[in-house]
Amino acid sequence: MQQHQRKQWRIPPVDTQMEEKARKHVDQLTKPTGALGDLEELVVRLAGITGQVFSDISKKGVAIFCADHGVTVEGVSAYPAEVTGLMIGNFSRGKAAVNVLAQRFQSEVAVVDVGSRLPKPPEGVLERKVRSGTANMAQGPAMTRQEAEEALQAGADLASSWKGAGLQLTAVGEMGIGNTTSASAVAACLTGKPVRRLIGRGTGLDEEGVRRKGEVITRSLQVNRPDPRDPLDVLTKVGGLELAAMAGFMLEASHLRLPVVLDGLITTAAALAAVRMEPRVRSYLFASHQSAEPGHALLLEALDMRPLISAGMRLGEGSGAVLAFPLFDAAVATAREMATFAELGME
Ligand SMILES: Cc1cc2ncn([C@H]3O[C@H](COP(=O)(O)O)[C@@H](O)[C@H]3O)c2cc1C
Ligand SMILES: O=C(O)c1cccnc1
């Protein structure tokens with residue numbers, strides 16, 4: 001079999017010495033050992049990524065990758081496919097949930113159209129359209145491998161431009177009606193777990209709808225036979241353009257030592273694909289919240305990640321990831337500003 005030319009991402013390992021330094025400092029702060037829980041873990045992991053005990057993460061951004069899904073003709077979403085384009089307009093006007101949160105928590109927002117059916121994306125949206133929506137994966141591959149690679153590159157290009165612009169903490173989000181179906185299919189293939197445990201209501205399907213969604217995913221996997229050892233093949237056949245772009249963003253961000261905060265089911269499915277391509281990516285990723293979509297818990301388990309927030313959210317857009325930004329700020333602030341026991345005159 002002819003191997004497709006595979007890009008090497010060269011992901012550097014994190015700085016474990018700096019992690020140890022940060023851990024030592026956190027353990028000397030005026031609190032019982034470990035009492036700041038997951039915030040302490042954030043400080044330590046960020047130190048390993050940034051190479052500083054007190055990481056500077058003030059410049060933040062959320063990248064929203066948008067695309068349409070051919071599989072929507074199978075009736076797998078509670079909302080019509082046109083909502084993808086409408087929400088891209090909403091993002092560009094700054095009026096979606098993720099915009100409001102990003103505004104509140106001082107995060108930049110980039111909206112990238114990697115494959116919507118809009119003839120022309122609205123003002124302010126980055127146009128990187130690979131194709132106008134995927135093909136229906138229940139009948140054949142969602143896209144070609146070449147197209148998946150182009151989508152990967154679109155994501156990678158944003159990560160690299162953000163590194164150049166001095167961003168220090170990033171989040172990924174997505175918009176694409178039908179994409180909980182694609183994400184669950186990718187998750188089923190990569191984890192080997194049964195489809196029925198990986199599906200949920202998405203935007204609000206009823207029981208009958210969820211059953212149909214499961215059938216469509218099972219059929220898509222049978223028709224396409226994606227190779228779980230080849231994550232790009234999985235993204236090509238049963239993924240989506242925005243999933244591939246998010247994976248590319250994570251690969252390039254990790255290569256450039258930029259931390260990436262994940263959102264819910266869809267971003268985490270893309271994350272598992274990226275980590276299976278390059279295992280070191282895992283060290284640069286952070287879970288934010290626990291989505292109400294059942295498959296999300298299994299994906300987090302496969303990545304050995306624990307979310308910071310449990311708020312019953314099931315929105316997407318990167319909303320849960322941006323909501324976690326203040327926790328990152330809080331973690332770094334405690335490390336930087338709290339007194340040590342020595343300063344208190346205690347051993
Ligand atoms: C108004 C609206 C805003 C959204 N923002 C994110 N999503 C979310 O819902 C979609 C996935 O669910 P499903 O697979 O069931 O279609 C994605 O586009 C996702 O980001 C939205 C969905 C709707 C309807
Ligand atoms: O968990 C998610 O990311 C999610 C769940 C439902 C709809 N959109 C996104």
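Two strands pair if DSSP finds at least two bridges between them. The legends below concern a predicted model.

**View 1. Strand 1, residues 60–67, and its burial.** Strand 1 is mostly covered, with 8 of its 8 residues buried. Lys60, Val62, Ile64 and Cys66 point one way from the strand. Gly61, Ala63, Phe65 and Ala67 point the other way. Residues of both groups are buried, Lys60 among them.

**View 2. Strand 1 beside strand 2, residues 107–115.** The two strands run parallel and are joined by 8 bridges. Within this pair, Phe65 of strand 1 stands opposite Val112 in strand 2.

**View 3. Strand 1 beside strand 4, residues 169–175.** Here too the pairing is parallel, over 7 bridges. Cys66 of strand 1 stands opposite Met175 in strand 4. Strand 4 also supplies at least two residues of the shell around ligand 1.

**View 4. The residues closest to ligand 1.** Ligand 1 is surrounded by 18 residues. The closest are Ser77, Thr180, Gly202, Thr203 and Gly316.

**View 5. Helices and strand contributing to the shell around ligand 1.** Helix 3 (82–92), strand 4 and helix 6 (179–191) each supply at least two residues of the shell. Helix 6 gives the largest share, 3 residues.

**View 6. Residue classes in the shell around ligand 1.** The shell divides into 9 polar, 7 nonpolar and 2 charged residues.

Note on methods. Residues numbered from 1 in each chain as written. Chains lettered and ligands numbered in written order. Predicted model: local features only at pLDDT ≥ 70, side-chain atom pairs only at ≥ 80, totals over all residues. Buried ≥ 20, exposed ≤ 12 C-beta atoms within 10 Å, placed from the backbone. Helix = DSSP H or I, 4+ residues; strand = E, 2+ residues; numbered from the N terminus. Near = placed C-beta within 6 Å. Nonpolar A, V, L, I, M, F, W, Y, C, P; charged D, E, K, R; others polar.
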